[in-house]
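This report covers selected backbone features of one model. The sequence and structure come first, then the notes.

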Amino acid sequence: MTYALWLVASYLDSGLPLSVSATHHSFFFSVAAYSSLSLSLSLSLSLSLSPMVASSTFCRLNFLPKPSLFTALTNFRFNHLPLKSPFPSSSLAPRSSFNTISATTELRNQTPKRDGDLIVLGIETSCDDTAAAVVRSNGEILSQVVSSQADLLAKYGGVAPKMAEEAHSQVIDQVVQEALDKAYVTEKDLTAVAVTIGPGLGLCLRVGVQKARRIAGGFNLPIIGIHHMEAHALVARLIEKDLQFPFIALLISGGHNLLILARDLGQYIQLGTTVDDAIGEAYDKTAKWLGLDMRRSGGPAVEELAKEGNAESVNFSIPMKQHKDCNFSYAGLKTQVRLAIESKKIDAKVPISSASNEDRLSRADIAASFQRTAVLHLEERCERAIQWALEMEPSIRYMVVSGGVASNQHVRARLDMVVKKNGLQLICPPPRLCTDNGVMIAWTGIEHFRMGRYEPPPPADEPEDMVYDLRPRWPLGEEYAEGKSEARSIRRARVHPSLTSLIQASLR
């Protein structure tokens, strides 16, 4: 116990607040005994993903009582349930499998489970969508259900973490049950439950994790903790049977801008990430300031209005032109947009539907000019990332673009030109699989389950105030040396070790 107190003191010296939890259960990564004493320490982190995040948001990370933070997190558990047939990691789904989302009503009243078959329930609550899906290991999507918080987005002009948590809590049971019903399965038919544990909003992540653990504990099912951004990348392997490792991926959403080289399942090199705000956040703020309808979120609203405007009418500067790396920054562009709106005396309180023709045209010009500049920043970064990736992996043939912003048709068209110019092929999941969804969580769970990466069933009687291993700030891969940013590195003190580093350490 003296040694454990020393460990607590060492973390306090680092400026990170600690609290001791009685739980001995880590999520996705196991907690082992030290000198026959098993101790779990919980690290409480104030979530700092964006200015909108409440300061009361906390995550808990479980650590071994050992001197090193990284070695304490590397006891990754590899479990092997008896399966009736092997599942090679390279096995992919048919190209047309995603079409089965709308075909669930054509299934029989009971989905048969074949020999060697995996049926996984995926749960996603990392931000403002409550999603669940049931997916089969051959890539067949048995069901997909998403409950949107569009009204809250419109009311608050963005995601309010506490309100989002309450909305998740109100619908999570219904969403999961509907996913099971549409798939014509019950919990007893499932092989495992996969759930997002990070990155995301801590308050929201907890709702999904709690529901997943209740199901897994109640029906003795293995549970798989999923990295949200890895799921965005891997869902492309469900719809594109030719997509093999290695490949490049650009993951763009409301909270993330991420360029990675995917060398293998769980092995990622981070080529670039956002220094401050992500592109989706910039779209949302621009939509709010222009008085657009936020019920569909800011991205689609800006994209639609931009079609009416002149993209070269406002001369916005492309961010970070002087930095020869692959990192992103949209905070400065947001400021430029706000100043342009103020100079045109646009009143956001007047909705676009009530604006005069002249006012509407001014708003459309700003929307078009913003979108042009925002996407040019993406193009420039992707061009450099492709060159870096090809130097490391000359066999790369594909670039995946996924995440909510990848639903934008202008973004797709411009990036397709960049990718083709470099001799690669662009792969974008259909829009319904780009935005947050349970399918990508279930499919990523299947990919890791095949490799034996999952946790055993949790206890069936976990208390309501159980402290879960949530990872609001959780890097996907290790940084590429040439892509490091001093400005961004300042913010690393409260970041969880990357998924890649944890998996690599477990293999040693």
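Is Asn220 buried or exposed? Asn220 is exposed, with a relative accessible area of 59%; exposed means over 50% relative accessible area, buried under 20%, and partly exposed in between (1.4 Å probe, protein chains only).

## Basis of the values

This is a predicted model, in which local features need pLDDT of at least 70, side-chain atom pairs count only at pLDDT 80 or more, and totals for chains, interfaces and linings use all residues. Residues are numbered from 1 along each chain as its sequence is written, and side-chain values use heavy atoms, with hydrogens and water left out.

Helices (H or I, at least four residues) and strands (E, at least two) are DSSP runs, numbered from the N terminus.

Asn220 has a positive phi, near 55°, and is a residue other than glycine. Asn220 sits in the loop that runs between α5 and β10 (223–227).

Tyr184, also not a glycine, has a positive phi near 55°. The loop that holds Tyr184 lies between α4 (161–183) and β9. Tyr184 is partly exposed, at a relative accessible area of 25%.

## Cis peptide bonds

Gly198 and Pro199 are joined by a cis peptide bond with omega of about -15°. Pro199 belongs to the loop between β9 (192–198) and α5 (202–218).

A cis peptide bond also leads from Phe245 to Pro246, where omega is near 0°. Pro246 is placed in the loop between α6 (228–239) and β11 (247–252).
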